[in-house]
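Subject: Structure for your review

Dear colleague,

Please find below the structure that I am handing over to you. I would be grateful if you kept it open while reading the notes that come after it.

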Amino acid sequence: MSAGRQAVLLVEDDARLAAMVAEYLGRHELDVTIAPDGERGLAALRRARFDVILLDVMLPGIDGLEVCRRLRATPEWAALPVLMLTARGEDVDKIVGLELGADDYLPKPFNPRELLARIRAVLRRGTA
């Protein structure tokens, strides 16, 4: 990771979407690590420090809601900003994600510029 750049953990099983998001965010001074499932996302958290997590809800194995639950239950990760990304745009899904501790929720498909704006917003709230 480059000095001064913020680190993003993207937990997303759609490889094409993950590559597109990582490439876009990389052009905007964010270093992105991709984990294709919840288990590998949690493993990445054990190995490195991240400033924000982008978390897909529907993941193979451990889903995003369970990953979010585990993050909030682990003291060293509890305050880490989490932005949920999901194809499930129903109000009940958003409410569950937010109640489990997500800081924001963005339904797919999304505009990469909006994603970047939301990441910057949660990062600002974390440093205020």
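Predicted model: local features only at pLDDT ≥ 70, side-chain atom pairs only at ≥ 80, totals over all residues.

E1 is joined to E2 by 6 bridges, and the two run parallel. Within this pair, Val-11 has Ala-35 in E2 as its bridge partner. The chain passes from E1 through H1 to E2, a β-α-β crossover that is right-handed. E1 is also joined to E3, by 4 bridges and again in parallel; here Leu-10 has Leu-54 in E3 as its bridge partner.

E3 is in turn joined to E4 by 4 bridges, running parallel, and Asp-56 has Leu-85 in E4 as its bridge partner. A right-handed β-α-β unit is made by E3, helix H3 (residues 64–73) and E4. Finally, 4 bridges connect strand E4 (residues 82–86) with E5, and these strands run parallel. Met-84 is found opposite Tyr-105 in E5.

Burial and the helix across the sheet

How many residues of E1 are buried? The strand is mostly covered, with 5 of its 6 residues buried. For E3, 5 of its 5 residues are buried. Both faces of E3 are covered: Val-52, Leu-54 and Asp-56 are buried on one side, and Ile-53 and Leu-55 are buried on the other.

Salt bridges

The count of salt bridges comes to 12. One of them joins Glu-29 to Arg-5, with the closest N and O atoms 3.4 Å apart. This pair links distant parts of the chain, 24 residues apart: Glu-29 is in the loop between helix H1 (15–26) and E2, and Arg-5 is in the segment before E1. Arg-5 and Glu-29 also belong, with Asp-31, to a network of salt bridges.

Which parts of the chain does the pair of Glu-12 and Lys-108 tie together? The closest N and O atoms of this salt bridge are 2.8 Å apart. Glu-12 is in the loop between E1 and H1, while Lys-108 is in the loop between E5 and helix H5 (112–127), so the pair ties together parts 96 residues apart in sequence. Glu-12 counts as buried because its relative accessibility is 3%, under the 20% cut-off. Lys-108, at 21% relative accessibility, counts as partly exposed.

A further salt bridge is formed by the side chains of Asp-51 and Arg-49, at 2.6 Å from N to O. Asp-51 counts as buried at 16% relative accessibility, whereas Arg-49 counts as exposed at 56%.

Yours sincerely,
A colleague

How values were computed: Residues numbered from 1 in each chain as written. Heavy atoms only, no water. Pairing = 2+ DSSP bridges. Salt bridge = Lys/Arg side-chain N within 4 Å of Asp/Glu carboxyl O. Buried < 20%, exposed > 50% of the residue type's maximum accessible area, 1.4 Å probe, protein only. Right-handed = clockwise from strand over helix to strand, strands pointing away.
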